[in-house]
Amino acid sequence: MSRFRAPLDQRERGNALVEAAIITPLLITLLLGVVEFAMLAKDNMTVGNGSRAGARVGSAAGQDPLADYNILKAVEGATSGLATVDKVVVYHATSPSGAVPPGCLTGAGVAGVCNVYTGTDLAISQAAFQAAGFTKDDSWSAGSRVTSQSAPGGPDYLGIYVEGTHQSVTNLILTNRVVKDDVIMRLEPTL
């Protein structure tokens, strides 16, 4: 009877093949999940770096007429690893822990409150930014920002909100997601 049974080595090879067929898809799915979540974390950090870079530049720029242009260039430089930057909002925060004013997230700037830029505005030239026809920086102009230390309440708080899109690597584990961050800093005081 033992003559008709396959040798033990052949049966073990068959078992190993079946086990590999079961485990391999699970391991590949796990690996793709790790890659996808790592890329999402990278994009979250990139957006965070962009908002911090923009806030630092904006805080130092104060009332410089090119403050928003310099903010956009700082955000552009810090988010170069992100596939898509969709929106940048430069806003007047009411406190160091304030939130982005809701009207600023829906579209155009709000007078005296915020300037709203699209991702295409990051690539704008300085000449185009300074041109009379470019009005996206007029809602909360740099000249109206309070930088005086002796002003009631001190210098203004400047907020930078950056929103981008995380492009899914596989579209199996996660789909494209919106990644966003905002940072608030006080404008550098002047005497």
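This is a predicted model: local features need pLDDT of at least 70, side-chain atom pairs count only at pLDDT 80 or more; totals for chains, interfaces and linings use all residues.
**Entry 1: a pair in H2**

I started with Glu76 and Lys73, whose side chains form a salt bridge at 3.1 Å, N to O. Next I looked up where the two residues sit: both belong to helix H2, residues 67-78, and they are three residues apart, about one turn of the helix.

Glu76 comes out partly exposed, with a relative accessible area of 30%. Lys73 is also partly exposed, at 25%.

**Entry 2: the rest of H2**

While there, I looked at the helix itself. H2 has 12 residues and spans 17 Å from its first C-alpha to its last, close to the 16 Å expected at 1.5 Å a residue. Which residues of H2 are buried? I wrote down Ala67, Asp68, Tyr69, Ile71, Leu72, Ala74 and Val75.

**Entry 3: counting salt bridges**

How many salt bridges are there by the rule used here? The count comes to four.

Lys136 and Asp121 meet through their side chains, with 2.7 Å from N to O. Lys136 is in the loop between helix H3 (126-130) and strand S3 (157-166), while Asp121 is in the loop between strand S2 (114-118) and H3, so this pair ties together parts that are 15 residues apart in sequence. Is Asp121 buried or exposed? I found it buried, with a relative accessible area of 7%; for that label the value has to be under 20%.

**Entry 4: Asp43 and its surroundings**

Asp43 has a salt bridge with Lys42, and their closest N and O atoms are 3.0 Å apart. I placed Asp43 in helix H1. Asp43 is buried, with 7% relative accessible area, whereas Lys42 is partly exposed, with 29%.

What does Asp43 touch, leaving out residues up to four places away in sequence? My list reads Gly81, Leu82, His166, Gln167 and Val179.

**Entry 5: the disulfide**

I went looking for disulfides and found that the structure holds one. It joins Cys104 to Cys114, with the sulfur atoms 2.1 Å apart. The torsion about the S-S bond of Cys104 and Cys114 is about -105 degrees, so I noted the disulfide as left-handed. As for location, Cys104 lies in the loop between strand S1 (84-93) and S2, and Cys114 lies in strand S2, so the pair ties together parts that are 10 residues apart in sequence.

Are these cysteines buried or exposed? Cys104 is buried, with a relative accessible area of 0%, and Cys114 is buried with a value of 0%.

I traced Val18 to helix H1, which runs over residues 8-61.

How values were computed
Residues are numbered from 1 along each chain as its sequence is written. Side-chain values use heavy atoms; hydrogens and water are left out. Buried means under 20% relative accessible area, exposed over 50%, partly exposed in between (1.4 Å probe, protein chains only). Helices (H or I, at least four residues) and strands (E, at least two) are DSSP runs, numbered from the N terminus. A disulfide is a pair of cysteine sulfur atoms within 2.5 Å. The expected span of a helix is 1.5 Å times one less than its number of residues. Contact means heavy atoms within 4.5 Å.
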